[in-house]
There are 2 protein chains.
Amino acid sequence: MAKPEPSVEGRGIGEVLQLLQAEFTDVTISKIRFLEAEGLVAPARTASGYRKFSAADVERLRYVLTAQRDQYLPLKIIKEHLAAMDRGLRPSAGGPPVAPSSLPEPPGLPVAEDFGAYGTRLELTRDELRAAADIPAELLDQVENHGLVVARGNHYDGDALLVAKLAGEFARYGIEPRHLRPFRTAADREAGLIEQVTGPRRTEQTEELAALAVRLHAALVRSRLPR
Amino acid sequence: MAKPEPSVEGRGIGEVLQLLQAEFTDVTISKIRFLEAEGLVAPARTASGYRKFSAADVERLRYVLTAQRDQYLPLKIIKEHLAAMDRGLRPSAGGPPVAPSSLPEPPGLPVAEDFGAYGTRLELTRDELRAAADIPAELLDQVENHGLVVARGNHYDGDALLVAKLAGEFARYGIEPRHLRPFRTAADREAGLIEQVTGPRRTEQTEELAALAVRLHAALVRSRLPR
DNA sequence: GCCGGACCTCAACCGCTGGTAGAGGGTTGA
DNA sequence: TCAACCCTCTACCAGCGGTTGAGGTCCGGC
């Protein structure tokens with residue numbers, strides 16, 4: 001027999017940590033356990049009690065961390081959103097299912113929702129993208145001209161939204177899309193390197209290497225900053 | 001004359017309370033004073049020290065309370081929004097001017113073995129570095145030859161350790177230090193860009209931009225991976 | 001069969017946020 | 001002159017979002 005006990009599949013908590021640390025520098029093992037204790041994820045367990053995180057569990061954690069970091073939502077609220085999504089209320093195009101207490105007053109909240117919401121499953125038109133990223137059309141033009149985002153078909157996904165938003169942030173520091181070209185070049189090269197190793201299909205290995213790449217990049221940038 | 005002493009116009013704090021309590025049941029006098037202490041409003045004062053709130057002040061309070069209630073934003077962020085609006089960045093249709101989503105600094109610093117969250121306070125000898133990263137001497141040589149880590153004085157810091165470890169991970173996929181050179185180049189360029197904007201001293205801004213850079217990089221790499 | 005590293009639980013502790021409470025005292029206007 | 005209103009300041013507090021550490025188990029490799 002190949003696998004005598006396939007029993008519980010998934011990643012261990014340490015692996016999950018590696019994966020997430022690429023994007024969220026302040027995640028720790030204890031934080032992940034804490035989030036479970038608070039009922040935000042519910043990984044499976046092996047017979048001996050080890051946590052086993054499925055890809056969906058990891059996605060869920062990513063969602064939580066994104067909502068915390070980019071929308072400052074308290075865990076209680078994030079939990080409600082997740083619960084709503086579990087009940088089938090997938091966010092069509094509008095972020096988590098609308099704050100329950102939405103009164104007429106709130107000074108229009110941007111669609112916000114970083115790329116978290118269940119992966120890259122977003123499909124935005126160009127206009128929606130611009131509105132959601134909350135950047136001027138001109139900036140989006142430049143972003144696109146420099147190849148920082150690309151449409152697939154004629155839709156844009158969550159990564160595109162995130163990139164657009166970040167470009168907006170950079171712009172506030174006077175850094176324009178053209179200054180960001182090197183980022184694109186580097187990303188292309190790295191993606192190429194990864195693909196060369198793991199082949200043209202996106203597997204777990206792909207994700208793992210991507211996480212490593214992002215972490216390496218982060219460490220290098222930090223080490224080169226002024227002291 | 002109509003008004004002999006217009007001096008300081010506006011409502012007293014009690015009046016303001018009445019006004020706001022209609023909409024926000026949990027506002028109190030002490031909360032309003034607290035918000036002033038935190039720098040979110042700055043009502044005028046009479047000669048004897050009484051607060052006098054203009055209509056604009058009340059509007060401002062209303063904004064604060066709304067953002068708190070409907071978007072769960074922390075005061076620090078609301079304050080930033082207000083400051084941005086004061087500087088004229090009135091976001092035409094977009095609510096608060098783009099959540100800056102700056103990375104919240106970890107308050108205390110657990111030198112978490114991995115990633116010394118700029119607990120760069122480590123000082124390792126070359127040998128300690130090799131041992132801690134758990135990589136063969138040969139690999140460390142290559143890592144160093146390709147400029148991925150550099151000693152300061154004759155010590156290595158936490159970033160160096162992390163880089164060394166990651167190089168070890170990559171090696172397990174058959175990716176050698178020389179393949180990682182582009183990472184170094186990219187990091188150099190980005191650090192340069194950042195330094196150009198924020199100057200040669202490491203400030204909050206430096207950290208913020210670095211965080212943005214890392215996030216942008218992560219998003220771009222992801223977006224370029226096979227689907 | 002034993003060692004080190006990864007993982008487990010549970011309880012205690014912690015820093016920060018967003019206030020509240022109250023003592024002690026001045027101001028205003030009828 | 002008195003009540004209602006307002007002031008400052010210090011002390012305290014609860015809840016949130018974790019961290020730390022003690023004490024123990026699990027698992028792969030030699």
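In which hand does H8(A) pass H8(B)? The crossing of H8(A) past H8(B) is left-handed, a crossing being left-handed if the near helix is turned anticlockwise from the far one by less than a right angle, and right-handed if clockwise. The model is predicted: local features need pLDDT of at least 70, side-chain atom pairs count only at pLDDT 80 or more, and totals for chains, interfaces and linings use all residues. Residues are numbered from 1 along each chain as its sequence is written, while chains are lettered from A and ligands numbered from 1 in the order in which they are written.

Confidence was examined for chain A. Helices (H or I, at least four residues) and strands (E, at least two) are DSSP runs, numbered from the N terminus. Within chain A, helix H2 (residues 29–37) has the highest confidence, at 97, and H9(A) the lowest, at a mean of 86. The pLDDT is below 50 over residues 1–6 of chain A, a stretch with zero contacts in the model beyond near neighbours in sequence. It is also below 50 over residues 91–120 of chain A, where 63 contacts are present beyond near neighbours in sequence. Two residues are in contact if their C-beta atoms, placed from the backbone, lie within 7 Å.

The contact between the chains takes 73 residues from chain A and 69 residues from chain B. On the side of chain A that touches chain B, helices H3 (55–71), H7 (158–172), H8 (181–198) and H9 (204–224) each supply at least two residues. The largest share, 16 residues, comes from H9(A). By class, this side of chain A has 41 nonpolar, 13 polar and 19 charged residues; Ala, Val, Leu, Ile, Met, Phe, Trp, Tyr, Cys and Pro count as nonpolar, Asp, Glu, Lys and Arg as charged, and the others, Gly among them, as polar.

Helix pairs across the contact were then considered. The axes of H8(A) and H8(B) (residues 181–198) come within 10 Å and cross at roughly 165°. Axes are lines fitted to C-alpha atoms, for helices over the stretch in contact, and angles run from 0 to 180 degrees between N-to-C directions. H8(A) is therefore roughly antiparallel to H8(B), since angles under 35 degrees count as roughly parallel, over 145 as roughly antiparallel, 65 to 115 as roughly perpendicular and the rest as oblique. Pro182(A), Ala186(A) and Arg189(A) meet Pro182(B), Ala186(B) and Arg189(B), a contact of four nonpolar, no polar and two charged residues.

H8(A) and H9(B) (residues 204–224) have axes that come within 9 Å and cross at roughly 45°, which makes H8(A) oblique to H9(B). Their crossing is right-handed. Residues of H8(A) in this contact include Phe183(A), Arg184(A) and Ala187(A), and those of H9(B) include Leu216(B), His217(B) and Arg224(B).

Nineteen residues surround DNA strand C, the closest being Gly12(A), Gly14(A), Arg51(A), Pro74(B) and Leu75(B); a residue is near a molecule or strand if its C-beta atom, placed from the backbone, lies within 6 Å of it. Helix H1 (13–21) of chain A and helices H2 (29–37) and H4 (75–86) of chain B each give two or more residues to this surface. The surface near DNA strand C has six nonpolar, nine polar and four charged residues.

Notes
pLDDT = per-residue confidence, 0-100.
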